[in-house]
Amino acid sequence: MPLTREEKAVQVADLKEKLARARVTVLTDFRGLDVAAMTRLRCRIREAGGQYRVVKNTLARRAAGEAGIEGLDPYLTGPVALAFGFDDPVALPRIFSEFVREFKQLEIKGGILEGRVVPPEAIRALADLPPREVLLAQVVGGFQAPLAGLVGVLQGTIRKLVYVLEAVREKKAATA
């Protein structure tokens, strides 16, 4: 049954809101997946705080235009499902990367990262990033390393001063 104009307007408004709010959106071609696989994928996405939705290309094109996202048209061909990630921008690409290894039929068409359209390679690269905690630890380690080096140098200078003073004390004790 075709959608009425009002229903289409409601769907476009909903898609526009999700596109504007999502930190990452992954566009996929889901052909070849059975219902059980789609259900597992939706559960994984829901656990990560996201949503997965099959959309009509014309409605997605219109919503993207209203949200100010340009360059999405080449990715909106054939059946398309959008996965919206609202919290961690790496979680959804990681889920899809794992799922593509498990089910070869799923294809990542592209994505939207922080309002910019990105190719599928960027989504795959995003999936390969280490977790947020590891990245933060690396940054902290980068800040800590020069400070630890400075402390080592300063301690070496103080240690040498103590050795010199000890040698002078021993020399004076030997001559006295």
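This is a predicted model: local features need pLDDT of at least 70, side-chain atom pairs count only at pLDDT 80 or more; totals for chains, interfaces and linings use all residues.

Mentor: Residues are numbered from 1 along each chain as its sequence is written, and side-chain values use heavy atoms, with hydrogens and water left out.

Trainee: In what order do the 5 strands of the open sheet stand?

Mentor: Strands (E, at least two residues) and helices (H or I, at least four) are DSSP runs numbered from the N terminus. Two strands pair if DSSP finds at least two bridges between them. Here the pairing is antiparallel, and the order is β2-β3-β1-β4-β5.

Trainee: Why is one side of β2 and of β5 left without a neighbour in the sheet?

Mentor: β2 (50–55) and β5 (116–118) each have a single partner strand. One side of each is therefore without a neighbour, because both strands stand at the edges.

Trainee: Which residue of β5 is the bridge partner of Leu113?

Mentor: Strand β4, residues 107–113, pairs with β5 in the antiparallel sense over 3 bridges. The bridge partner of Leu113 in β5 is Arg116.

Trainee: Is Thr28 buried or exposed?

Mentor: Thr28 is found in strand β1. Buried means under 20% relative accessible area, exposed over 50%, and partly exposed in between (1.4 Å probe, protein chains only). Because its relative accessibility is 0%, Thr28 counts as buried.

Trainee: Which side chain does a polar contact join to that of Thr28?

Mentor: A polar contact is a pair of N or O atoms within 3.5 Å; within protein, one must be able to donate a hydrogen and the other to accept it, and residues adjacent in sequence count only if both atoms are side-chain atoms. At 2.6 Å, the partner of the Thr28 side chain is that of Tyr52.

Trainee: At what angle do helices α4 and α5 pack?

Mentor: Axes are lines fitted to C-alpha atoms, for helices over the stretch in contact, and angles run from 0 to 180 degrees between N-to-C directions. The axes of α4 (residues 91–102) and α5 are 8 Å apart, and the angle is about 100°.

Trainee: What separates the C-alpha atoms of Lys8 and Ile123?

Mentor: Lys8 lies in helix α1, residues 5–21. Lys8 and Ile123 are 115 residues apart along the chain, and their C-alpha atoms are separated by 29 Å.
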